[in-house]
Amino acid sequence: MNIIEIENLSHYFADGTCGLENINLTIEEGTFVVIAGQNGSGKTTLLKHLNGLLLPTTGTVRLAGVPVSENLVKARQMVGMVFQDPDSQIVGETVCDDVAFGPENLCLDRSEVKRRVYRTLKVVGLLDFEDQKPHLLSGGEKRRLAIAGILAMEPKVLVFDEPFSSLDYPGVKQVLKQIISLHRSGHTILAAAHDLEKVIAHADRLVIMKDGKVVKDETPSQLLGELEAFGIREPCASRLGMEVQSWLN
Amino acid sequence: MIATKQLRMTVYASLLAALTAAGAYLAIPIGPVPIVLQSLFIFLSGLLLGSRWGVASVGVYLLAGALGLPVFAGGVGGIGRFAGPTGGYLLGFLPAVYVIGLITEKTRKRVVFDVFAMVCGSIIIYSCGVSWLKILTGMTLAKTMVVGMYPFILGDVLKIAAAVPIAKALRPVINP
Amino acid sequence: MAELSAFNFRPGSSVLHGLDVRFKLIFLVLISFTSLKAYTVALSVLTLVLVAALMHSGLSLKSILKTFRYVSVLLAFIFIARALSTPGSVVAEFKAISITREGIYYGAMICWRLVIVILTGLSFVLTTRPSEIKAAVEWTLNPFPFIPAKRIATMMSLMVRFLPVIIDQAKETADAQRARGIENRKNPVYRLGKLGIPLMRRTFERADKLAVAMEARCYSENRTDPVLSSGIMDWIALCGVVCLCLVIISA
Ligand SMILES: Nc1ncnc2c1ncn2[C@@H]1O[C@H](COP(=O)(O)OP(=O)(O)OP(=O)(O)O)[C@@H](O)[C@H]1O
Ligand SMILES: [Mg+2]
């Protein structure tokens with residue numbers, strides 16, 4: 001089933017700049033899609049359309065057949081978005097409070113909120129940090145907390161905007177492991193990145209954007225050789241003619 | 001504009017409240033009395049957020065402090081702070097920010113009016129602060145002003161002078 | 001952030017930890033107001049009760065005294081000002097300055113009362129989770145029309161959450177400017193502006209991102225209510241505190 005269908009999507013910002021131009025994209029449930037492109041190519045703009053943070057100037061975005069603009073709350077619950085800078089999206093004073101924020105917004109029962117908080121903290125492995133202040137977490141832990149905050153709303157699709165920016169090697173591994181296990185458990189994953197090295201070994205599909213347009217959309221192995229033309233660095237292994245290895249090995 | 005206006009203002013007011021609280025920890029060491037940034041941010045809350053959201057920002061800060069959330073600098077928080085010698089100044093922030101916000105809303109955001117607004121705000125802060133200090137210590141008004149007002153006036157003049165260009169630089173950021 | 005966490009909530013299982021926040025808030029108000037009417041005997045009783053309560057909830061006498069390091073300067077100031085400015089029978093005299101017996105007495109009383117208020121606040125803060133405080137605020141403000149209780153609670157937690165972040169950011173900005181020799185600029189207005197503008201700009205940028213992230217998580221003011229529950233202990237404690245206050249006031 002196609003969980004995301006984007007049809008003739010264009011977006012112009014208030015000041016007239018063109019953010020996206022005539023995008024057509026369908027994504028099947030359970031796939032792991034990487035969206036690559038250089039700075040300013042429109043990745044974030046595209047992702048923000050998936051949960052109605054931005055609305056199309058023309059065209060439509062449908063989630064499981066329903067246009068996003070029809071029910072914004074539903075769309076936001078279905079598509080969880082983890083932003084680039086975890087420090088600006090963690091809301092709660094403690095780890096626990098932060099994860100509870102989303103479910104509370106959905107007016108769930110207190111007991112259900114608690115259940116979800118514990119379950120998601122377990123999934124991301126932060127149960128021991130329950131009462132910790134987010135400010136004191138490491139980079140990788142913060143990113144996992146941001147993921148937990150989204151997971152608690154039980155989304156089907158997870159969108160990661162630059163999931164590895166400013167993370168050290170252990171941090172990258174933590175987050176990558178998390179993303180892969182979420183993919184295994186049946187979530188549809190979209191990740192925006194300009195450095196493919198870390199994710200590409202796990203992706204099913206690679207979408208390349210340039211100047212607000214989708215210019216390539218194939219399986220990663222088909223595209224690896226052509227990346228540099230779009231301002232994206234080709235992974236080392238692939239340059240040397242080897243197969244790209246997962247970062248986890 | 002992405003987020004709704006109301007949510008954006010709520011977040012602005014909350015983060016400015018945090019900035020005001022942080023201002024108590026920040027000082028620029030000039031002269032005998034270091035210039036503490038707190039009242040600078042009170043002025044700017046009024047100038048940038050206007051009366052309604054300015055009061056919300058400062059009110060939330062004071063309420064959180066009164067209830068003992070860790071937002072006051074230098075040790076003991078809670079209502080003890082309001083009963084202590086600096087309590088009057090803290091309470092004075094609230095009407096001050098309201099008046100500053102009101103004056104900037106009613107006028108056309110010109111430098112003269114900004115300065116006028118902040119002078120009014122300072123007067124309010126000092127009248128609250130000094131009267132409470134006078135009640136607490138039982139000193140004469142003149143003496144209370146010597147300890148509770150004169151040493152800080154120079155700092156306030158400097159802060160008002162600095163707030164004008166800051167407000168000018170940031171107004172476009174808030175109302176794009 | 002050592003300076004911020006010093007007077008925070010400390011987990012524990014004392015009686016005070018177990019009491020309902022709303023009751024603790026009532027106690028806070030009752031005791032603070034009663035202390036205004038209290039004199040030596042009553043103040044001693046209150047001090048003993050509070051110190052005992054604090055020690056029972058896990059604070060050592062030493063750390064209680066340490067709390068007063070900063071306040072003691074202010075208390076000393078009030079005391080001296082009172083001692084010097086109250087007319088009455090003179091104890092000691094030095095040129096134009098004279099210390100009076102009444103001054104010393106009133107000064108001591110005022111300072112002692114402030115100590116009581118501070119101790120009460122301290123025992124509240126140390127034994128109450130920030131989330132409970134927020135819940136109590138929401139609960140108290142909820143019945144009032146025109147007061148957006150949920151929004152106020154949200155604003156409070158955002159503020160507490162971002163205070164350490166902003167302090168760190170400010171220090172970083174100040175350090176970066178020091179590294180580039182801003183200390184050579186003597187003009188304080190210039191320096192205030194150079195610190196204030198980037199600090200506020202970054203704060204607003206952060207706020208924009210935060211607002212979007214909150215929207216992505218379906219922020220609404222119609223959200224799950226906090227849970228607060230009171231038990232028999234709360235009512236017993238309430239009786240105790242009310243009796244104590246009545247005795248003190250009528251004495
Ligand atoms: N609110 C806005 N108003 C006007 N132009 C905007 C706005 N937001 C983004 N843009 C422009 O739209 C283009 C696409 O931005 P976008 O943030 O989607 O890029 P990106 O691919 O996510 O880049 P990065 O890798 O830097 O995150 C950029 O040229 C940017 O300047
Ligand atoms: Mg981006």
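A residue counts as buried under 20% relative accessible area, as exposed over 50%, and as partly exposed in between. These classes are applied below to a predicted model. Glu154(A), at 36% relative accessibility, is therefore partly exposed.

Most residues other than glycine have a negative phi. Asp211(A) belongs to the loop between S9 and strand S10 (213-218) of chain A. With a relative accessible area of 53%, Asp211(A) is over the 50% limit and so is exposed.

Lys198(A) is placed in the loop between strand S8 (188-193) and strand S9 (205-210) of chain A. The relative accessible area of Lys198(A) is 17%, which is under 20%, so this lysine is buried. Leaving aside residues up to four places away in sequence, Lys198(A) touches Phe164(A), Val172(A), Leu176(A) and Trp247(A).

Chain A as a whole contains eight helices and 10 strands. Its radius of gyration is 18 Å, close to the 18 Å given by the globule rule for 249 residues, so chain A is as compact as a globular protein of that length. Along the principal axes, the C-alpha atoms of chain A fill a box of roughly 50 × 45 × 35 Å. Buried residues account for 55% of the 249 residues of chain A. Of the contacts in chain A between residues at least 6 apart in sequence, 64% join residues at least 24 apart. The accessible surface of chain A is about 10300 Å², and 48% of this belongs to carbon and sulfur atoms. Chain A carries 26 positive and 33 negative side chains, with the centres of the two sets 2 Å apart.

Chain C is built from 10 helices and two strands. Read from the N terminus, the order of its elements is α-α-α-α-α-β-β-α-α-α-α-α. The radius of gyration of chain C is 24 Å, well over the 18 Å that the globule rule gives for 251 residues, so chain C is more spread out than a compact globule. The box filled by the C-alpha atoms of chain C, taken along the principal axes, is roughly 65 × 60 × 40 Å. In chain C, 50% of the 251 residues are buried. The accessible surface of chain C comes to about 12400 Å², with 67% belonging to carbon and sulfur atoms. There are 29 positive and 16 negative side chains in chain C, and the centres of these sets lie 6 Å apart.

Two interfaces of chain C were examined. The size of an interface is often given as the accessible area lost when the parts come together. Between chain C and chain B, about 5900 Å² is buried, and carbon and sulfur atoms give 83% of that area.

Between chain A and chain C, the buried area is about 2800 Å², with 53% from carbon and sulfur atoms. Ser88(A), Glu93(A) and His135(A) supply 24% of the area that chain A buries against chain C, more than any other three residues. The contact draws on 36 residues from chain A and 32 residues from chain C.

Methods: Residues are numbered from 1 along each chain as its sequence is written. Chains are lettered from A and ligands numbered from 1 in the order in which they are written. This is a predicted model: local features need pLDDT of at least 70, side-chain atom pairs count only at pLDDT 80 or more; totals for chains, interfaces and linings use all residues. Side-chain values use heavy atoms; hydrogens and water are left out. Helices (H or I, at least four residues) and strands (E, at least two) are DSSP runs, numbered from the N terminus. The radius of gyration is taken over C-alpha atoms; the globule rule is 2.2 Å times the number of residues to the power 0.38. Buried means under 20% relative accessible area, exposed over 50%, partly exposed in between (1.4 Å probe, protein chains only). Contact means heavy atoms within 4.5 Å. Accessible areas come from the Shrake-Rupley method with a 1.4 Å probe; for residues, only the protein chains shown count as cover. Lys and Arg count as positive and Asp and Glu as negative; His and the chain ends are not counted. The place of a charge is taken as NZ of Lys, CZ of Arg, CG of Asp or CD of Glu. Buried area is the accessible area (1.4 Å probe) that two parts lose on being put together, summed over both.
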